[in-house]
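Hi there,

Here is the structure I promised to pass on. My notes on what turned up in it follow below; please have a look when you find a moment.

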Amino acid sequence: MVVAYNTPPQEQTPSVYGTALAQFDRAVRYLNLDDGVADFLRYPRREFSVNFPVRRDNGKVEMFTGYRVHHSTVLGPSKGGLRYSLAVNLDEIRALAMWMTWKCALVNIPYGGAKGGVVVDPKTLSRDELERLTRRYTAELIPLISPKMDIPAPDMGTNPQVMAWIMDTYSMTVGYSVPAIVTGKPINIGGSLGRNEATGRGVIACMVEALKGHGFGKPSSETSIVVQGFGNVGSNAASFAHSLGFKIVGVSDVGGGLYNANGLDMPAVRSYYAEHGTLEGSALGDEVTNAELLALPCDVLAPCAMEGQITGKNANQVKAKMIVEGANGPTTPDADDILNDKGVFLVPDILANAGGVVVSYFEWVQDLQAFFWDQEEVYRQLQRAMARSYYATEATAEEYGVDMRTAAQILAIKRVADALETRGIYP
Ligand code: NAD
């Protein structure tokens with residue numbers, strides 16, 4: 001019997017896909033592309049939505065809604081995360097799939113962009129329910145995924161264990177083990193060393209390069225950083241920056257944050273969070289709301305939580321002189337204009353958070369070759385890819401006289417458009 005239906009929250013949020021399209025439109029006008037080609041790059045290639053049942057532990061059946069969007073397959077199989085959140089909707093998944101296309105092109109890896117999601121708060125499910133939901137959603141996706149077609153990975157609300165269930169469900173369906181069907185897996189079933197930390201490390205690798213040319217003439221011990229979001233990206237970014245000697249003055253999760261102008265004790269913050277699952281009540285810093293956190297005095301702000309955090313309403317309050325975007329789409333186009341006017345140097349999401357997909361690509365390569373690298377090799381190759389992409393974006397910004405976001409989009413769109421021209425339009 002169907003007892004409930006997991007629908008997204010009803011309040012109207014700004015369109016995330018609107019943000020992705022506005023960014024595309026800003027960049028594409030520098031590229032002299034044929035109108036038809038620009039349209040081709042604007043549209044998602046295919047979109048899948050599914051309603052599917054899951055049996056709860058109490059024996060009742062509940063319906064859930066899931067999506068998977070393949071934005072582009074011009075450069076190779078599509079690649080992108082899988083999100084479990086009550087806020088998931090097709091608009092958001094389309095935007096995230098499009099950003100994946102540009103991100104992969106920007107860091108020069110042979111993938112198109114995809115994204116998927118299920119409308120669910122994973123915290124309301126038991127482990128067994130989460131496993132059944134993941135396996136059923138995977139079974140529904142079978143016609144759309146394969147190591148040669150589309151390769152999912154973790155995103156908000158999913159983790160290596162969820163990837164393991166996807167890998168097992170796919171493998172049981174085809175009859176043999178296929179580690180390369182997902183990335184971000186546990187190491188003991190074909191995951192890559194360094195994947196878990198890769199996005200956070202990549203964010204900080206970009207920040208370090210940006211500080212070389214656009215820094216403030218201070219040593220790292222006096223360069224203050226605020227990180228919003230304490231999940232995979234935020235906690236790893238904050239810890240890596242701390243290990244390099246930077247001063248982390250603020251961190252937050254969905255419930256609020258902590259501030260200490262003298263620098264937070266990151267190992268203590270991490271172990272408190274691991275034990276309590278919240279930053280509240282730690283006494284390791286002054287408690288602040290997320291709105292206050294974004295306006296804290298600091299040199300660098302790294303929004304690493306979710307989209308739509310820095311908007312036309314609060315961009316003026318941002319005091320950071322540099323923003324490095326760990327999350328996808330944390331800054332809206334009207335906020336971009338305000339920040340540009342204020343002279344804030346912004347390293348955009350498709351560049352700054354590309355470390356995750358770079359190491360996912362390494363994981364896929366290792367799985368296909370059944371030959372695994374050590375952690376130093378993964379980190380060395382990640383660092384190379386991030387620095388090379390950072391300087392290619394900076395050179396494009398100089399060449400076109402544009403900000404870093406527009407430059408990253410110009411470079412990425414151009415690479416996909418050039419490949420499309422070489423391949424031609426079928427038939
Ligand atoms: P996660 O689920 O591990 O962590 C998300 C964090 O954001 C949590 O600390 C949560 O408490 C916090 N948060 C949620 N809603 C918030 C709100 N309204 N205000 C403030 N904080 C809030 O997710 P993640 O994997 O770290 O992903 C974070 C962002 O980075 C997302 O935009 C994701 O798409 C992007 N991203 C992730 C990866 C990756 O490898 N995990 C790669 C590239 C981009």
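Apart from its neighbours within four places in sequence, valine 347 makes contact with Cys206, Ala210, Ile323, Val324, Glu325, Ala352 and Tyr390.

**The chain as a whole**

Do keep in mind that this is a predicted model. The chain has 14 helices and 13 strands. Its radius of gyration is 21 Å, close to the 22 Å that the globule rule gives for 427 residues, so the chain is as compact as a globular protein of that length. Along the principal axes, the C-alpha atoms fill a box of roughly 60 × 55 × 45 Å.

Of the 427 residues, 58% are buried. Among contacts with a separation of 6 or more, 69% are between residues 24 or more positions apart. The accessible surface is about 17600 Å², and carbon and sulfur atoms account for 52% of that. As for charges, there are 38 positive and 47 negative ones, and their mean positions lie 4 Å apart.

**Some spots in the loops and at the end**

Lysine 123 sits in the loop that links strand S5 (112-119) to helix H4 (127-141). Lysine 123 is exposed, with a relative accessible area of 78%. Its C-alpha atom is 26 Å from that of tyrosine 17, a residue 106 positions away along the chain.

Which backbone details might you want to check? Most residues other than glycine have a negative phi, and most peptide bonds are trans. Asparagine 32, however, has a positive phi near 50°. Asparagine 32 belongs to the loop between helix H1 (16-28) and helix H2 (35-42), and is exposed at 76% relative accessible area. Alanine 283 also has a positive phi, near 60°. Alanine 283 lies in the loop between helix H8 (266-276) and strand S10 (286-288), and with 73% relative accessibility it counts as exposed.

Finally, tyrosine 426 and proline 427 are joined by a cis peptide bond, with omega about 0°. Proline 427 is in the segment after H14.

Best wishes

Conventions
Residues numbered from 1 in each chain as written. Predicted model: local features only at pLDDT ≥ 70, side-chain atom pairs only at ≥ 80, totals over all residues. Heavy atoms only, no water. Helix = DSSP H or I, 4+ residues; strand = E, 2+ residues; numbered from the N terminus. Rg over C-alpha atoms; globule rule 2.2 N^0.38 Å. Buried < 20%, exposed > 50% of the residue type's maximum accessible area, 1.4 Å probe, protein only. Contact = heavy atoms within 4.5 Å. Areas by Shrake-Rupley, 256 points an atom, 1.4 Å probe, with all protein chains shown as cover. Lys, Arg positive; Asp, Glu negative; His and termini not counted. Charge placed at Lys NZ, Arg CZ, Asp CG, Glu CD.
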